[in-house]
Amino acid sequence: MKHLNIGIIGTDSSHSVAFTRLLNDPSDANHVPGGKVVAAFLGGSEDFALSANRVQGFMSTLETEFGVRRMDSPEEIAASCDAILLTSADGRVHLEQFKRIASYGKPVFIDKPLALSSAQADEIFRTAREQQVPLMSSSALRYARQITDDLASHGSVSVIRADVGGPLDVEPTQSYYYWYGIHSVELLYGIMGSGCAEVNVLGGEKVEQLSAVWLDGRIGTASLSRQEGTPFSATIQRHGQSSSIEIDFAAKPFYASLLEQIMILFQTRISPLRWQETLEVIRFVEAAEESRRLGKPVRL
């Protein structure tokens with residue numbers, strides 16, 4: 001396995017520190033081998049409090065605890081590193097930041113949300129194809145160990161329905177479902193796969209339910225709760241069998257499972273997740289927001 005020098009763009013997310021710890025600290029119980037974070041660019045969005053208030057602190061942690069070098073631009077990161085973690089918390093800046101580094105041709109992981117519209121997501125992947133940039137974007141919930149273990153243990157037995165649940169936290173600058181609702185949507189897609197035809201949102205004071213129909217008639221739902229402390233969960237139905245799973249944060253960290261997939265991208269230059277499915281996830285969230293506004297089902 002080639003040892004890669006990895007750069008970070010955007011230190012306004014706790015993910016920047018989590019990924020660095022897992023890569024740079026061999027003593028970590030969930031250490032992911034194959035690379036080391038060596039440089040980072042601040043980024044940050046002044047009109048987004050969770051970004052502006054944390055960006056310098058996370059950068060300081062990267063510098064003092066892990067010896068990461070501070071760099072002045074995304075271009076400097078792309079020129080000096082083998083692969084790039086674009087972890088900017090603000091989905092609005094991902095397209096612009098990615099376009100600044102695409103010509104360098106380095107493999108890139110873009111943290112969730114890839115973008116805040118399907119038009120922007122389309123442009124990101126179009127740019128990636130034009131510049132031959134290996135690219136991946138995903139929420140860590142897709143790779144939660146309890147889910148991947150369940151799917152692996154049942155092999156080829158087809159999922160006929162999935163009902164997932166999770167918290168709903170809304171950040172005004174990040175549209176409505178893109179900030180936290182997308183975690184549950186990614187979880188749903190990790191179980192059901194692509195091919196959704198239509199989504200309908202049923203609003204409620206405490207819970208909003210996203211009910212979707214796949215092209216083959218299968219049903220998938222995501223129940224998003226405003227109640228504090230709501231866990232992520234899933235019920236997976238197959239012919240003659242059902243699995244009920246509450247995702248345990250004490251088990252293997254989601255970030256470690258996601259980072260293992262990212263390192264496949266970085267090492268092989270081939271994404272383990274199809275870009276078409278990522279685009280569909282973004283469109284699903286967009287359609288759900290349209291359904292919520294219009295009060296009727298929306299086709300993807």
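Colleague: Which elements each supply at least two residues of the lining of the largest cavity?

Modeller: In this predicted model, β6 (135-138), α8 (181-192) and α10 (275-294) each do so. Helix α10 gives the most, with 3 residues.

Colleague: What makes a residue part of that lining?

Modeller: A lining residue has an atom within 4 Å of a cavity point. Those that qualify are Lys-112, Pro-113, Leu-114, Ser-137, Ser-138, Ile-182, Glu-186, Thr-278, Val-281 and Ile-282. They divide into 5 nonpolar, 3 polar and 2 charged residues. The space they line is about 40 Å³, and the structure holds 1 cavity of 30 Å³ or more.

Colleague: Which peptide bond is cis, and what is its omega?

Modeller: The bond from Lys-112 to Pro-113 is cis, with omega near -10°. Pro-113 is placed in the loop between β5 (108-111) and α6 (118-131). Both Lys-112 and Pro-113 are among the residues that line the largest cavity.

Colleague: Why are the phi values of Ser-175 and Arg-269 worth a remark?

Modeller: Most residues other than glycine have a negative phi, and most peptide bonds are trans. Ser-175 has a positive phi of about 60° without being a glycine, and Arg-269 has a positive phi of about 65°, again without being a glycine. Ser-175 sits in the loop between β7 (159-167) and α8, while Arg-269 belongs to the loop between α9 (254-268) and α10.

Colleague: Why are Ser-175 and Arg-269 called partly exposed?

Modeller: The term applies between the limits of 20% and 50% relative accessible area. Ser-175 has 30% and Arg-269 has 42%, so both count as partly exposed.

Colleague: Is Val-285 buried or exposed, and how do you know?

Modeller: Val-285, in helix α10, has a relative accessible area of 1%, so this residue is buried. Not counting residues up to four places away in sequence, Val-285 touches Tyr-177, Tyr-178, Ile-182 and Val-185. The C-alpha atoms of Val-285 and Ile-182 are separated by 6.8 Å, although the two residues are 103 residues apart along the chain.

Colleague: What is the strand order of the open sheet of 7 strands, and how do its strands pair?

Modeller: The order is β12-β11-β7-β10-β9-β8-β13, with mixed pairing. Strands β12 (241-246) and β13 (298-299) each have a single partner strand, so one side of each is left without a neighbour in the sheet; this is why they are placed at the edges.

Colleague: How do you know that β8 and β9 are paired, and in which sense?

Modeller: At least two bridges are required for a pair. Strands β8 (residues 196-202) and β9 (residues 207-214) have 6 bridges and pair in the antiparallel sense. Val-201 stands opposite Leu-210 in β9. Helix α8 packs on the sheet, touching β7, β8, β9, β10 (219-225) and β11, and its direction makes about 160° with that of β7. Helix α7 (residues 145-153) lies across β7, β11 (233-238) and β12, running at about 165° to β12.

Colleague: What makes β3 and β6 edge strands?

Modeller: They belong to an open sheet of 6 strands with parallel pairing, in the order β3-β2-β1-β4-β5-β6. Strands β3 (69-71) and β6 each pair on one side only, and are the edge strands. Neighbouring strands of this sheet are turned by 25° against each other on average, direction ignored.

Colleague: How do you know that β2 pairs with β3?

Modeller: The requirement is at least two bridges, and β2 (residues 35-41) has 3 bridges with β3, in the parallel sense. Phe-41 stands opposite Met-71 in β3. Helix α1 (residues 14-24) lies across β1 (4-9), β2, β4 (83-86) and β5, running at about 150° to β2.

Key. Residues are numbered from 1 along each chain as its sequence is written. This is a predicted model: local features need pLDDT of at least 70, side-chain atom pairs count only at pLDDT 80 or more; totals for chains, interfaces and linings use all residues. Side-chain values use heavy atoms; hydrogens and water are left out. On a 1 Å grid over the protein atoms alone, a cavity is a set of points where a 1.4 Å probe fits but cannot get out, and a pocket is an open set with protein on both sides within 12 Å along at least five of seven lines; lining residues have an atom within 4 Å of a point. Grid points are joined across faces, edges and corners, and a volume is the space filled by probe spheres set on the points. Helices (H or I, at least four residues) and strands (E, at least two) are DSSP runs, numbered from the N terminus. Ala, Val, Leu, Ile, Met, Phe, Trp, Tyr, Cys and Pro count as nonpolar, Asp, Glu, Lys and Arg as charged, and the others, Gly among them, as polar. Buried means under 20% relative accessible area, exposed over 50%, partly exposed in between (1.4 Å probe, protein chains only). Contact means heavy atoms within 4.5 Å. Axes are lines fitted to C-alpha atoms, for helices over the stretch in contact, and angles run from 0 to 180 degrees between N-to-C directions.
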